[in-house]
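Hi everyone, thanks for coming.

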Number of protein chains: 2
Amino acid sequence: MANTRRICLLLLRFLAFASTLSAVIVMATSHERVSFLTISFETRYTNSPAFKYFVISNSVVTVYGFLALLLPQESLLWRLVVAMDLVFTMLLISSISAALAIAEVGKNGNNYAAWIPICGSVPKFCNQVKGALIAGFIAVITYMILLLHSLHTVLDPLLLRKS
Amino acid sequence: MANTRRICLLLLRFLAFASTLSAVIVMATSHERVSFLTISFETRYTNSPAFKYFVISNSVVTVYGFLALLLPQESLLWRLVVAMDLVFTMLLISSISAALAIAEVGKNGNNYAAWIPICGSVPKFCNQVKGALIAGFIAVITYMILLLHSLHTVLDPLLLRKS
């Protein structure tokens with residue numbers, strides 16, 4: 001029982017690591033060249049501060065996720081890992097929310113502010129951003145499961161055990 | 001000592017409640033009428049999905065903050081409050097990140113996507129949004145302090161006590 005749980009947790013940590021890594025790769029490689037009359041320019045993730053923030057935070061969490069995979073099961077540092085999980089989950093949530101808000105404007109535009117949707121002219125870029133956001137979303141969900149599991153173990157918030 | 005700590009925590013909870021409440025009020029009352037040739041329209045927070053999300057999440061957390069203020073000190077529900085603090089802090093972080101991303105585009109625009117900054121034409125609206133974001137930021141910081149305090153108490157992640 002304890003062994004199955006350990007393998008499950010390890011698999012979840014690996015999934016979290018893999019999804020942040022793919023989010024970084026997919027977002028960082030997204031670019032599309034647009035020609036408009038004589039002007040030609042490239043659409044990249046660096047054009048938007050929110051997308052840059054998304055790539056930076058996901059890179060940081062990828063490094064952390066890799067280190068957490070290497071930590072031996074018996075280490076006392078696991079208590080620190082719970083606190084770090086909390087901080088990095090918040091970082092991921094913050095970056096995906098910002099990127100999602102910008103992606104929404106990119107897709108639907110905003111009539112009131114006269115911001116036109118751009119997905120019509122750069123469909124490949126938009127699809128890659130969508131892929132990166134989905135990977136980022138999987139990472140957030142995985143870290144939240146890991147976090148709620150740790151909290152449940154140490155806190156017993158639903159008062160299931162007799163105290 | 002325990003009494004001072006109790007008062008400090010109560011003050012922090014009151015600050016969190018007050019700042020989410022002000023964030024909601026300031027954002028919800030923000031509007032400015034713009035006239036452009038013969039067209040006149042009103043800029044409101046409802047024009048942007050991210051700002052609507054900000055108002056809704058801050059309202060939810062205000063109600064929760066009020067209920068947490070009323071909870072007696074001896075209640076066993078405080079363990080549940082730690083888990084709820086976690087969930088609502090994440091909600092606040094997500095909403096403020098999305099609103100901040102949109103506000104950044106509103107202030108600086110985005111040259112690449114041809115999104116023009118709007119703060120020049122609606123300065124009063126922009127200032128109110130800025131006020132609401134500052135209040136929301138104070139709320140996030142306060143909830144994070146409360147959360148880290150709870151985590152420190154139950155987890156001792158820095159291994160300060162002997163086990």
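**A walk through the two chains**

Let's start at one spot: if we skip its neighbours within four places in sequence, B:Ser48 is in contact with A:Asn110 and B:Ile102, where contact means heavy atoms within 4.5 Å. Before I go on, a word on what we're looking at. This is a predicted model, so local features need pLDDT of at least 70 and side-chain atom pairs count only at pLDDT 80 or more, while totals for chains, interfaces and linings use all residues. Residues are numbered from 1 along each chain as its sequence is written, chains are lettered from A and ligands numbered from 1 in the order in which they are written, and side-chain values use heavy atoms, with hydrogens and water left out.

Okay, back to B:Ser48. You'll find it in the loop between strand E2 (39-44) and H2 of chain B. Those labels come from DSSP runs, numbered from the N terminus: helices are H or I with at least four residues, and strands are E with at least two. Is B:Ser48 buried or exposed? B:Ser48 is buried, with a relative accessible area of 6%. The cut-offs go like this: buried is under 20% relative accessible area, exposed is over 50%, and partly exposed is in between, using a 1.4 Å probe and protein chains only.

Now for the place where the chains meet.

What about salt bridges across the interface of chain B and chain A? The rule finds zero; it asks for a side-chain nitrogen of Lys or Arg within 4 Å of a carboxyl oxygen of Asp or Glu. Across that interface there are, though, six residue pairs in polar contact, both at pLDDT 80 or more. A polar contact is a pair of N or O atoms within 3.5 Å; within protein, one must be able to donate a hydrogen and the other to accept it, and residues adjacent in sequence count only if both atoms are side-chain atoms.

Next up, rings. Rings of Phe, Tyr and Trp (its six-membered ring) pair if their centres lie within 6.5 Å; planes under 30 degrees apart count as stacked, over 60 as edge-to-face and the rest as tilted. By this rule we get nine aromatic pairs over all chains. Take A:Phe14 and A:Phe17: their ring centres are 6.3 Å apart and their planes sit at 50 degrees, so this pair is tilted. Both residues lie in helix H1 (residues 2-28) of chain A, three residues apart, which is about one turn of the helix. A:Phe14 is partly exposed at 47% relative accessibility, while A:Phe17 is buried at 14%.

A:Phe17 also pairs with A:Phe66: the centres are 5.7 Å apart and the planes at 40 degrees, so that pair is tilted. Since A:Phe17 lies in helix H1 of chain A and A:Phe66 in helix H2 (residues 49-70) of chain A, the pair ties together parts that are 49 residues apart in sequence. A:Phe66 itself is partly exposed, at 42% relative accessibility. Put together, A:Phe14, A:Phe17 and A:Phe66 form one aromatic cluster.

Last topic: disulfides. A disulfide is a covalent bond between the sulfur atoms of two cysteines, and the rule here is a pair of cysteine sulfur atoms within 2.5 Å. How many does the structure hold over all chains? There are two. One joins A:Cys119 to A:Cys126, S to S 1.9 Å, and with -85 degrees about the S-S bond this link is left-handed. A:Cys119 is partly exposed at 22% relative accessibility, and A:Cys126 is buried at 16%. In chain B, B:Cys119 and B:Cys126 form a disulfide, with their sulfur atoms 1.9 Å apart. That link of B:Cys119 and B:Cys126 is left-handed, with -90 degrees about the S-S bond.
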